[in-house]
Amino acid sequence: MDRQTWMYNISHVEEDYILGVNDFILCALKHQEKKEKELGYKDSISCPCQICGNMKFFSNVSIVQDHLFRHGFKKNYTKWIWHGEAIDSGGTSGRNKENEGDSMTNNKEDEMGNDRVQEMIKDVEDQFIHQSDILENLMLGIYDLDFVQMA
């Protein structure tokens, strides 16, 4: 069953939804472990439920899991980019495609970094559309980031 179907078109108590959430949690934990190795400390996991919308972070993954069973996933979050999934991955399971040792893929992901930032802006835009000062500051922060990366 594809993600669009199990994430948004079936009941949260059906087996496919439960298995899908569990796949998502495995993906998020794997990403958390990778970030811990890179950062040197355990980072929190963003919650992609309809209420949190990837804007709230929890150190306890069971809270994220509970939110997903209660509220479901935020709209159109079928590519789990905040949880370690590459934008160009297939999206049919929660597990990342491993591309270790593939320098072309790693370079492509580095080049797509700005696209991810823009996608994150789109994710929060609806939430802040009526608070233009917050959205404007967020956009200015992104433009500053682009300027720094070019320098």
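**Stop one: an exposed asparagine**

Select Asn76: with 57% relative accessibility, this residue counts as exposed (exposed means over 50% relative accessible area, buried under 20%, and partly exposed in between, using a 1.4 Å probe and protein chains only). Asn76 sits in the loop between helix 3 and helix 4 (103-111). Its phi is near 60 degrees, which is positive although Asn76 isn't a glycine.

Before going on, a word about the model: it is predicted, local features need pLDDT of at least 70, side-chain atom pairs count only at pLDDT 80 or more, and totals for chains, interfaces and linings use all residues. Residues are numbered from 1 along each chain as its sequence is written, and side-chain values use heavy atoms, leaving out hydrogens and water.

**Stop two: a buried asparagine**

Now pick Asn54, in the loop between strand 1 and strand 2. Is Asn54 buried or exposed? At 0% relative accessibility, Asn54 is buried. Phi is positive here too, near 65 degrees, in a residue other than glycine.

**Stop three: helix 3**

Select residues 61-71, and color Val61, Val64, His67 and Leu68, the buried residues of helix 3. They share one side of the helix because they cover an arc of only 115 degrees around the axis (taken from the directions from the helix axis to the C-beta atoms). Their cover includes helix 2 (15-39), strand 1 (45-46) and strand 2 (57-58), where contact means heavy atoms within 4.5 Å.

**Zoom out**

The whole protein chain has 6 helices and 2 strands (DSSP runs numbered from the N terminus: helices are H or I with at least four residues, strands are E with at least two).
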